[in-house]
Amino acid sequence: MIDFGYGISPSSAINLDKFDRTKFEELAREEPDVLKCMACGSCAASCPTAGHSDMNLRRVILLLGRGREDEALRMVSHCMLCGKCLIVCPRGINTRHLILSVTKIYQKK
Amino acid sequence: MNYEGKKKIWSEFQKEIPDDKYFYARSCIRQNFNPGAEQAFLDIVRNRFGKDFYEDPLHTTCGGIAYHSDTTPEETSMTIIARQFSLMNQAGYRNFVVSCVTSFGLHSEILQTWEEHPEIEEKIHELLWKACKREFTKPDFLMHSSDIMYHYRFLISEQAKYPLINVYSGEPLKVVEHIGCHYSKIFPSKSVGGAEYPRVLAGLVEALGGSVVDYPERRHCCGFGFRQYLVKANRGYSLTNTYKKFESMEPFHPDLIITNCPGCNYFLDRWQYVIAETTGKTYGDTPGYGIPVLSSEEVAALVMGYDPWDLGLQMHQVAVEPLLDKMGVQYDKSAKYKGPGGKDLGVPASPANIRIF
Amino acid sequence: MEISNQQRNIVVIGGGPAGIEASRALDAMGYTVFLVERDGRLGGHLCRWDRLFPYGTPAEDVLSQLTASMGRIKWFTATEVTQVNKLERGYNVILSNGLSVLADALLLTTGFTLFNASKKEEYGYGIYDRVITNADLEDWFSGIPVPAVDNPRRIGFVHCVGSRDEKVGNRYCSKVCCATAVKQACEIKEKFPDAVVYCFYMDLRMFGRGYEDMYLEAQKKYGVIFVRGRVSEVSEDKDGHLFVKAEDTLSGKPLRVTLDLLVLMAGMSHNRAVDPIARTLALSTMEDGFLKPKDSLTAAQASYCTGVFYAGACTGPKTLPETMAEARAAATSIHEYLQEQ
């Protein structure tokens with residue numbers, strides 16, 4: 001093969017055709033409230049780790065629903081489970097419990 | 001797919017194309033890379049259809065490549081194009097035909113700018129006078145060469161020697177039509193068929209017996225994109241866009257890609273070489289050979305029985321022989337690399353992963 | 001000499017919910033009402049709707065309730081207004097059935113036209129077989145066969161088709177499409193529980209009472225997936241499925257998905273049938289073609305033309321309850337006007 005000094009870039013697009021929804025559905029069974037998120041961002045806005053890590057619960061929920069588990073789990077690893085997001089969530093999602101369920105379900109190999 | 005639905009859209013994007021007395025402006029890319037395409041275009045219109053097609057040896061580039069790669073300001077292009085119009089006036093013509101899609105887009109853009117800002121046109125009159133003591137008036141009609149091929153598609157089909165039919169199966173050849181972005185995406189109303197379902201090449205392909213492949217990334221850019229390609233650091237974007245198109249068209253097994261833009265033609269052809277040499281992958285039904293990419297004029301000329309090597313089809317990276325065989329074209333395999341008078345031009349080195357004959 | 005209400009003629013043009021409701025109210029006040037509808041039956045767009053948001057009320061029930069007691073209203077279907085002439089006092093309205101009415105007041109309840117979704121060429125309505133509109137899907141819900149709805153496994157709804165779109169000349173929000181999309185997403189999920197259903201929206205405008213509950217139910221009970229991003233283009237893959245592009249704006253990434261069915265939420269366009277009347281009477285229109293009321297806050301039912309009144313979607317997109325309220329408000333406005341004459 002020849003190296004021309006440039007090549008085909010990988011696509012950054014979310015391809016829902018390739019998203020295996022099994023794990024997300026398992027999460028939704030265990031934590032039905034994950035479906036209620038309306039992406040308002042209150043959780044991320046008040047998160048104490050947000051300023052010094054990429055933790056963003058709004059994005060975690062979104063990315064899990066788009067098949068981007070690796071990115072989501074990387075974010076979740078910065079969570080300190082303080083529960084501030086739980087206080088501010090207008091949909092009343094038990095966010096701390098949700099994060100624990102995410103960890104439990106997605107870290108099962 | 002409802003063909004009638006497309007026809008309805010096409011009916012909203014019709015373009016008036018005059019029948020005779022054309023003034024021609026060449027393409028920088030094409031006359032260097034595929035000179036046979038322009039030669040055949042003029043020959044078909046002049047000698048097969050008996051039309052008056054004037055070409056002025058004093059005409060120049062339109063400056064489109066420089067304009068689109070941000071190296072010259074628009075006024076420069078405007079003045080250059082004003083000079084072409086002046087040459088057209090001098091020769092007594094009103095119908096301006098542009099060979100290159102980007103040039104067509106630039107001409108359209110400039111005419112529209114002058115329409116909306118007469119003061120800019122006024123300024124260009126001054127600049128042209130200062131630069132070369134010339135005056136100009138705008139053309140009555142601006143056409144791209146593919147508009148002309150579309151306009152004469154039934155005349156071409158009447159003279160067809162090898163229609164776009166697979167001689168082995170009797171089925172229409174499956175043709176991907178790729179329209180240069182600057183043909184109709186800038187001004188859909190100045191095109192045949194609009195931007196979403198352009199008609200200009202599809203109409204030609206159908207008239208010549210082929211069937212058009214409607215694949216998901218049909219509207220996508222070929223990847224050329226001037227700055228993407230010209231700057232090496234960006235060249236991967238260009239390649240990636242082309243790759244995306246090939247991946248999308250692959251399941252449809254196209255026999256041929258027809259383009260109306262010199263840049264698209266070049267990149268859809270050459271990037272197949274780069275994709276093959278970096279990933280090992282080739283497309284098309286003849287394993288290891290790729291999908292031939294031809295301009296509308298080359299396709300018309302082939303169909304009308306022009307000799308493929310006189311047409312310069314050996315200038316394309318992807319070998320055209322499998323296509324010629326499918327069309328039943330009679331040609332001399334050994335004449336591919338012979339110049340005028342039978343002079344041996346030498347056989348190019350064969351790439352590792354995309355074969356040539 | 002005192003003129004009785006019965007001696008006053010009012011012509012109501014357009015027999016949709018606004019026209020029917022206003023006619024009923026005016027009839028109850030004792031006026032002589034002529035209600036003109038060009039279609040073969042009364043009801044307007046309600047005739048083509050199966051169930052109504054937010055509570056799933058059958059449109060047919062609403063219609064029968066509306067038309068149950070038409071009182072003394074002289075109503076004509078399959079009848080058009082062929083001519084309107086302004087007289088010194090009132091109007092002479094000539095109908096296609098040969099009737100000519102001397103009207104003391106005119107009420108325009110000409111409503112809207114469903115946006116012609118094929119104008120959004122990039123969505124391929126009328127070209128790609130699996131692309132349908134909200135109206136087509138309502139047809140299917142009410143039992144009319146729609147070949148595109150063939151046991152779909154992956155379904156998408158595109159909000160704002162022909163709304164919030166300067167390119168097609170409709171800058172406004174059509175108001176009902178978000179709620180309709182969410183309603184239809186839930187309904188289709190009920191029909192095909194295993195299907196994955198996506199809603200592609202720009203903003204979810206769930207402003208009405210009960211709408212937010214419907215949205216929550218769509219998320220939690222039906223698992224409808226909401227993608228914030230407008231579908232940019234649609235094409236067909238080799239098997240005739242739809243290849244859809246949008247941006248998932250919340251993650252900032254382009255998104256691709258293959259679907260079996262795509263439902264376009266065609267919005268409201270102004271009804272061109274009213275244009276000749278608007279021209280004859282020199283009624284003011286807005287740049288998008290809808291009729292312009294005298295004052296959108298304090299005199300929304302009045303026109304700039306004495307004795308001509310408006311109700312419903314002829315002045316812009318409205319929900320059904322808004323239309324009904326405007327119909328009754330128009331009746332009151334007309335009553336006040338006639339009492340002053």
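**Reading the interface of chain C and chain A**

Chain C and chain A bury about 1800 Å² between them, with 53% of that on carbon and sulfur atoms. This is a predicted model, in which local features need pLDDT of at least 70 and side-chain atom pairs count only at pLDDT 80 or more, while totals for chains, interfaces and linings use all residues. Residues are numbered from 1 along each chain as its sequence is written, and side-chain values use heavy atoms, with hydrogens and water left out.

User: How is buried area read, and which residues of chain C lose the most area to chain A?
Analyst: Buried area is the accessible area (1.4 Å probe) that two parts lose on being put together, summed over both. In chain C, Lys220(C), Leu250(C) and Lys253(C) lose the most, together 31% of what that side buries.

User: How many residues does the contact take from each chain?
Analyst: Contact means heavy atoms within 4.5 Å. Chain C gives 19 residues and chain A gives 22 residues.

User: How many salt bridges does the rule find across the interface?
Analyst: A salt bridge is a side-chain nitrogen of Lys or Arg within 4 Å of a carboxyl oxygen of Asp or Glu. The rule finds 4 across this interface. One of them joins Asp248(C) to Arg66(A), with the closest N and O atoms 3.1 Å apart.

User: Which strand of chain C does strand E1 of chain A join?
Analyst: Strands (E, at least two residues) are DSSP runs, numbered from the N terminus, and two strands pair if DSSP finds at least two bridges between them. Here 2 bridges join E1 (residues 14–15) of chain A to E17(C), and the strands run parallel. Within E17(C), Arg256(C) is the bridge partner of Asn15(A).

Note on methods
Chains lettered and ligands numbered in written order. Helix = DSSP H or I, 4+ residues; strand = E, 2+ residues; numbered from the N terminus.
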